[in-house]
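Welcome, and thanks for taking a look at this one.

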Amino acid sequence: MKHLKFPLYLLLAILMVSGLVACDENGNDENPFAEKEAMLAPAVAQYVNSTVIVTYKSLADASIELYDALHQLKENKSPENLVAATQIWIETRRHWERSEAFLFGPVADFGIDPHIDTWPLDEPAFINTINNVGYIESMAAENGDVWAEEHLGPSLLGFHGIEYILFANGAPK
């Protein structure tokens, strides 16, 4: 999870810069909107730097904490680890909900939203998946994320699957 932060920030920067240096359809450097873009550039920079990047950074940091808490819960299924994981899930989910106000950059462009927030959870398929030893081994393997993307649909991934594991009737299981 930690290795995803830098590429996310890099992609956001590339997307911002590419919009500023784009040519017209004929490959000319002339931009009929250059004056308006120049006027709006400070507002866009303020928005991206103070809202988008800050929100996604908070989400990325919380996601790393959630990953670590879930790993710790997997290794030691104690009530304390369960409560810790549920609290971190709530915090991470809060950051995600805030980011949905804009779904900027790769979240919108690369379909990240449906992969982590599709509702409703396909409960019967989810239960079959978590009870399938071969599936669990495939997801735990080196390229488990690739396997999951190829074999599991959006209704089996993301926040709602984690929620199903951690919570029952709004409280830790």
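**Briefing on the predicted model**

Glu150 counts as exposed, because its relative accessibility is 60% and the cut-off for exposed is over 50%. Please keep in mind that this is a predicted model.

**Charge at the surface**
- Glu150 sits in helix α8, which spans residues 144-151.
- Together with Glu142, Asp145 and Glu149, Glu150 forms a negative surface patch.

**Backbone features worth a look**
- As a reminder, most peptide bonds are trans, and most residues other than glycine have a negative phi.
- Trp119 and Pro120 are joined by a cis peptide bond, with omega at about 5 degrees.
- You will find Pro120 in the loop between α5 (112-117) and α6 (123-130).
- Asn169 is not a glycine, yet its phi is positive, at about 55 degrees.
- Asn169 belongs to the loop that lies between β1 (167-168) and β2 (171-172).
- With a relative accessible area of 86%, Asn169 is exposed, since the cut-off is over 50%.

**Confidence**
- Across the protein chain the average pLDDT is 86, and 83% of the residues score at least 70.
- Helix α3 (residues 79-99) has the highest mean pLDDT among the elements of the chain, 97, while helix α1 (residues 5-20) has the lowest, 55.
- Where pLDDT is low, the predicted coordinates should not be read in detail.

Key
Residues are numbered from 1 along each chain as its sequence is written. This is a predicted model: local features need pLDDT of at least 70, side-chain atom pairs count only at pLDDT 80 or more; totals for chains, interfaces and linings use all residues. Side-chain values use heavy atoms; hydrogens and water are left out. Patches are made of residues with over 30% relative accessible area and no salt bridge: like charges are joined within 9 Å, nonpolar side chains (Val, Leu, Ile, Met, Phe, Trp, Tyr) within 5 Å. Accessible areas come from the Shrake-Rupley method with a 1.4 Å probe; for residues, only the protein chains shown count as cover. A salt bridge is a side-chain nitrogen of Lys or Arg within 4 Å of a carboxyl oxygen of Asp or Glu. Lys and Arg count as positive and Asp and Glu as negative; His and the chain ends are not counted. The place of a charge is taken as NZ of Lys, CZ of Arg, CG of Asp or CD of Glu. Helices (H or I, at least four residues) and strands (E, at least two) are DSSP runs, numbered from the N terminus. Buried means under 20% relative accessible area, exposed over 50%, partly exposed in between (1.4 Å probe, protein chains only). pLDDT is the predictor's confidence in each residue, from 0 to 100.
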